[in-house]
Amino acid sequence: MAFVRFVFSFLYVRNWYTGDMELSRPRVAIFASTLFLFMLAFTIIAILQAPVAYSTS
């Protein structure tokens, strides 16, 4: 858990009252939406680069 917290330290903010580090909901939402948009873009790129086979009937 410490390694994940170290890698994703930009998702945490210090609580004003306790001084503990806690997840920031806006940062997690922005990170998740950015990750989703990148995955969507890569999926669309992979689909659009697929070869098209034409056949005559």
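Reader: Is proline 26 buried or exposed?
Author: Proline 26 is exposed, at 53% relative accessible area. Exposed means over 50%, buried means under 20%, and partly exposed is in between, with a 1.4 Å probe and protein chains only. This is a predicted model, in which local features need pLDDT of at least 70 and side-chain atom pairs count only at pLDDT 80 or more, while totals for chains, interfaces and linings use all residues. Residues are numbered from 1 along each chain as its sequence is written, and side-chain values use heavy atoms, leaving out hydrogens and water.

Reader: Which element does proline 26 lie in?
Author: Proline 26 is part of helix α2. Helices are DSSP runs of H or I with at least four residues, strands are runs of E with at least two, and both are numbered from the N terminus.

Reader: What order do the elements run in?
Author: The order from the N terminus is α-β-β-α, so to speak two helices and two strands.

Reader: What is the radius of gyration of the protein?
Author: It is 20 Å, whereas a compact globule of 57 residues would have one near 10 Å. The value is taken over C-alpha atoms, and the globule rule is 2.2 Å times the number of residues to the power 0.38. Along the principal axes, the C-alpha trace spans about 75 × 20 × 10 Å.

Reader: How many of the residues count as buried?
Author: 7% of the 57 residues. The protein exposes about 5600 Å², and 71% of that comes from carbon and sulfur atoms. Those areas come from the Shrake-Rupley method with a 1.4 Å probe; for residues, only the protein chains shown count as cover.

Reader: Which residues form the nonpolar patch on the surface?
Author: Met1, Phe3, Val4, Phe6 and Val7, with about 600 Å² of accessible area together. A patch takes residues with over 30% relative accessible area and no salt bridge, joining like charges within 9 Å and nonpolar side chains (Val, Leu, Ile, Met, Phe, Trp, Tyr) within 5 Å. A salt bridge is a Lys or Arg side-chain nitrogen within 4 Å of a carboxyl oxygen of Asp or Glu. Methionine 1 is in the segment before α1 (2-7) and is exposed at 76%.

Reader: Switching to rings. How many aromatic pairs are there?
Author: Four aromatic pairs. Rings of Phe, Tyr and Trp (its six-membered ring) pair if their centres lie within 6.5 Å; planes under 30 degrees apart are stacked, over 60 edge-to-face, and the rest tilted. Phenylalanine 8 and phenylalanine 10 are edge-to-face, at 6.1 Å centre to centre and 65° between the planes. Phenylalanine 38 and phenylalanine 42 are stacked, at 6.3 Å and 25°.

Reader: Where do phenylalanine 38 and phenylalanine 42 lie?
Author: Both are in helix α2 (residues 25-48), four residues apart, about one turn of the helix. Phenylalanine 38 is partly exposed at 48%, and phenylalanine 42 is exposed at 51%.

Reader: Which residues do ring pairs link into a cluster?
Author: Phe8, Phe10 and Phe31. Phenylalanine 8 is partly exposed at 30%, as is phenylalanine 10 at 42%.

Reader: Last one: how far are tyrosine 54 and tryptophan 16 separated?
Author: Their C-alpha atoms are 63 Å apart, with the residues 38 apart along the chain. Tyrosine 54 lies in the segment after α2 and is exposed, at 77%.
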